[in-house]
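Work through the exercises below with the sequence and model open. Try each task before reading its solution.

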Amino acid sequence: MLKRKRKILVTLIAVFGLGVTALAYAGYASPGETACALAKFAEMETLPNGALVEQSSSTAERTMFAELQSQAKERIKETFGAPRAQPLVVIFRDSRTFWPLKLNTYASAAFIGSRVCVLIGPQGQNVDVVAHEFMHAELASRVGHWRRNFDVPAWFDEGVAMQVDLRARYNWSNQQGKSNDYGYVRQFNSQGQFRDPDDKQLTRNYAAAKADVAQWLTTIGRGELYNRLERIRVGEDLDAVLAK
């Protein structure tokens, strides 16, 4: 394992120099963003659908990975319409695959310029998590990367992604109080604000974002989402887009 780690680290240094991995530690790029930039240079193999997997993945695992992606895309299609985003999907079973980077062991969507990566870890290999991350990629594809970065608040981005994430613990009805005071989530414009370090509160934030966006979608219809995202892409502000 130590020999393998050294080989990966040497590859990173040889291709990009020390600067790329240093970005993650300096706070200018997240580990996910750095892994997105380096993914095609890691010791991984490409599935027929373009996803990258560890070389040691079995035939059964590779089949399962491909099916998960198909199921996630089908869920998005059934909820909002056919997706068009084409992120680079990276699936890893071992959290040390991108050592020394410490990636989210569930999943994350990472954005480097116009490149979008969906990084799926060992604890995120289920249709809810994959569909959630694919929806982040879809929103970015629909509004454009500039608008996503500067005009789409975290609560809205997460709320849209949560519409295809059916894990019960993120239902607002399962939160303490069971009232309709989920509107508090709209104060969270950045991921830093949204991602409370307290796991219980973070779960509540996800549930609130899900409930808030779901309520909006009941007024406009789920089939209208892509049209509203297009309005963001052409420069309309979010308040106008959220109006009935």
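This is a predicted model: local features need pLDDT of at least 70, side-chain atom pairs count only at pLDDT 80 or more; totals for chains, interfaces and linings use all residues.

**Exercise 1. The whole chain**

Task: State how many helices and strands the chain has, and what share of its residues is buried.

Solution. Start with secondary structure: the chain has eleven helices and five strands. Next, take burial: of the 244 residues, 48% are buried. The chain exposes about 12,200 Å², with 51% of it supplied by carbon and sulfur atoms. Last, look at contacts with a separation of 6 or more: 68% of them join residues 24 or more positions apart.

**Exercise 2. Two packed helices**

Task: Describe how helix α4 packs against helix α5.

Solution. Two packed helices are described by the angle between their axes and the distance between the axes. Locate the pair: α4 covers residues 59-80 and α5 residues 127-143. Their angle is about 60 degrees, and the axes lie 8 Å apart. The crossing is right-handed. Now list the partners. The α4 side includes Leu68, Ala72, Ile76 and Phe80; the α5 side includes Val127, Val130, Phe134 and Met135. By class, the residues of this contact divide into nine nonpolar, two polar and three charged.

**Exercise 3. One alanine**

Task: Is Ala161 buried or exposed, and which residues does Ala161 touch?

Solution. Check the cut-off: buried means under 20% relative accessible area. Ala161 has 0% relative accessibility, so it counts as buried. Leaving out residues up to four places away in sequence, Ala161 touches His132, Met135 and His136. Finally, compare sequence with space: Ala161 and Ala209 are 48 residues apart in sequence, and their C-alpha atoms are 9.4 Å apart.

Definitions and conventions
Residues are numbered from 1 along each chain as its sequence is written. Side-chain values use heavy atoms; hydrogens and water are left out. Helices (H or I, at least four residues) and strands (E, at least two) are DSSP runs, numbered from the N terminus. Buried means under 20% relative accessible area, exposed over 50%, partly exposed in between (1.4 Å probe, protein chains only). Contact means heavy atoms within 4.5 Å. Accessible areas come from the Shrake-Rupley method with a 1.4 Å probe; for residues, only the protein chains shown count as cover. Axes are lines fitted to C-alpha atoms, for helices over the stretch in contact, and angles run from 0 to 180 degrees between N-to-C directions. A crossing is left-handed if the near helix is turned anticlockwise from the far one by less than a right angle, and right-handed if clockwise. Ala, Val, Leu, Ile, Met, Phe, Trp, Tyr, Cys and Pro count as nonpolar, Asp, Glu, Lys and Arg as charged, and the others, Gly among them, as polar.
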